[in-house]
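Here are my notes on the model, in the order I'd go through them. Have the structure open while you read.

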Amino acid sequence: MSDLFARHRAVMPNWLSIYYDEPIEIVRGKGNRVVDAEGHTYLDFFAGILTNMIGYDVPEVREAVERQLSTGVVHTSTVYLLRGQVELAEKIARLSGIENAKVFFTNSGTEANETALLLATYARKSDQVLAMRQSYHGRSFGALSVTSNRSWKNNALSPLNVHFLHGADRHLPQFRGLSDAEYIDVCVADLRHVLATAVSNDVAALIAEPIQGVGGFTMAPDGLFKAYKEVLDEEGILFISDEVQTGWGRTGSAFFGIQNHGMTPDMMTFAKGLGNGFAVGGVVARGDLMDGPHAIGLATFGGNPISMAAANATLDYVLDHDLQSRAAVTGEILLGGLREAKDRLPIVGDVRGKGLMFALELVDPATGAPAPALAGRFMEETKKLGLLAGKGGLYGNVLRMAPPLTLTDDEAREGLGIIVTALETINEEVGR
Ligand code: PMP
């Protein structure tokens with residue numbers, strides 16, 4: 001155990017999961033690569049769990065932050081006007097497609113979801129909320145109560161009355177063999193059943209991730225959420241799309257993940273990539289919900305000048321360089337290559353994703369059962385070959401990858417080469 005790791009274990013909680021047998025300390029970053037304390041360079045396919053959306057040491061972001069620092073104003077308060085907030089809110093409101101949209105800034109995705117749930121429960125005067133099975137929305141009380149992923153939830157008490165829906169679990173045995181349309185019909189019938197039987201009064205909202213992040217990049221088929229929204233609209237139930245992982249063009253085919261479903265939600269929450277490493281999150285919502293009679297959300301540092309400078313520069317970069325289109329191209333290189341590899345590597349049970357958000361599921365080739373140990377092997381092997389990936393899924397056998405949107409075609413091919421080499425090595429070991 002390295003000295004730093006031993007000190008970490010001594011003074012930090014042991015439930016913090018630290019990757020790799022020999023954990024790495026990242027000390028430098030440039031472009032889409034990072035360097036550890038021992039001088040090893042890695043292509044970053046996890047990018048701080050999607051926070052470094054446009055890579056490392058981006059001059060436009062650095063200069064914007066330095067310019068703000070040079071004014072001497074690191075923070076004042078939300079009780080004064082801040083130009084960066086207004087400018088960023090205008091951009092996000094426009095991009096959201098939500099009518100008369102208004103934006104509130106927070107420091108994290110958890111705070112963003114907490115705020116959205118507050119707004120929805122105030123507006124609808126109800127503590128009843130719908131969420132998706134396998135979901136993850138953060139670890140404050142409200143966000144945890146709509147999280148159904150047991151590995152993160154433990155025994156926390158819930159301040160909300162929550163019912164969990166199907167929609168991101170097509171892989172379950174009972175749904176195998178159904179077409180997308182048939183699966184959507186089953187899910188809509190389930191939603192109607194929940195609304196008719198399980199709920200004692202009006203429901204405030206449904207909160208959903210368009211592609212489940214921590215859940216292992218499981219996906220609802222395109223169109224499912226539109227079908228849900230039509231049912232919810234009949235009763236005025238609000239739709240909150242958690243775009244913490246899927247926003248800003250990452251899926252390639254839409255700017256916000258939910259737009260892949262051909263619908264506009266009532267609210268979206270966002271965080272992670274927007275500040276390219278600086279802490280920023282928020283909610284964009286219909287103006288009448290944001291300005292509702294009891295609505296309030298406060299966070300001292302939410303929308304602070306430094307984060308606003310970073311976020312404005314990052315969002316401008318994404319738009320100016322049309323990184324959504326880039327994600328579609330590099331995502332196809334990776335997903336196409338991995339689908340091809342799956343056909344000849346029996347340890348790969350599934351390849352899924354959209355744009356630059358893609359996952360591999362590793363299984364025991366004999367039984368098809370989830371193989372978390374093989375996922376562990378993959379992490380070590382790719383680290384050795386110079387690539388950082390992420391782990392997840394309900395059974396710990398899903399490898400999650402979400403490189404910066406600035407990934408070049410050559411880097412996509414390089415990363416694909418490393419991933420396939422690692423899979424081949426492990427596949428051979430298992431076959432022996
Ligand atoms: N929602 C989703 C979909 C997430 O993936 C996460 C973080 N993994 C959160 C919310 C919580 O965000 P944060 O960690 O910034 O509080």
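**Notes on the model**

1. Let's begin with the two domains: 17 residues of domain 1 are in contact with 20 residues of domain 2, where contact means C-beta atoms, placed from the backbone, within 7 Å. By class, the domain 1 side of that contact has 6 nonpolar, 10 polar and 1 charged residues. Here Ala, Val, Leu, Ile, Met, Phe, Trp, Tyr, Cys and Pro count as nonpolar, Asp, Glu, Lys and Arg as charged, and the others, Gly among them, as polar.

2. Before going further, a word on what we're looking at. This is a predicted model, in which local features need pLDDT of at least 70 and side-chain atom pairs count only at pLDDT 80 or more, while totals for chains, interfaces and linings use all residues. Numbering starts from 1 along each chain, following the sequence as written.

3. The bounds are 60–320 for domain 1 and 322–431 for domain 2; they come from an automatic or database domain assignment. Between the C-alpha centres of the two domains there are 27 Å.

4. Now the ligand. There are 16 residues around it, and Ser108, Gly109, Thr110, Gly213 and Val244 come nearest (a residue is near if its C-beta atom, placed from the backbone, lies within 6 Å). Helix H5, residues 109–124, gives the most to this shell, with 3 residues; helices are DSSP runs of H or I of at least four residues, strands are E runs of at least two, and both are numbered from the N terminus. Sorted by class, the shell holds 5 nonpolar, 9 polar and 2 charged residues.

5. There's an open sheet of 4 strands with mixed pairing, in the order E1-E2-E3-E13; strands pair if DSSP finds at least two bridges between them. E1 (26–30) and E13 (387–388) are the edge strands, each with a single partner, so one side of each has no neighbour in the sheet. E1 pairs with E2 (residues 33–36) in the antiparallel sense over 4 bridges, and Arg28 has Val35 in E2 as its bridge partner.

6. Two backbone angles to check. Most residues other than glycine have a negative phi. Leu50, in helix H2 (residues 47–50), has a positive phi near 70 degrees, and Asp57, in the loop between H2 and helix H3 (59–70), has a positive phi near 55 degrees.

7. Are those two buried or exposed? Leu50 is buried, with 25 other C-beta atoms within 10 Å, whereas Asp57 counts as exposed with 12 C-beta neighbours inside 10 Å. The cut-offs are 20 or more other C-beta atoms within 10 Å for buried, 12 or fewer for exposed, and partly exposed in between, with C-beta atoms placed from the backbone.
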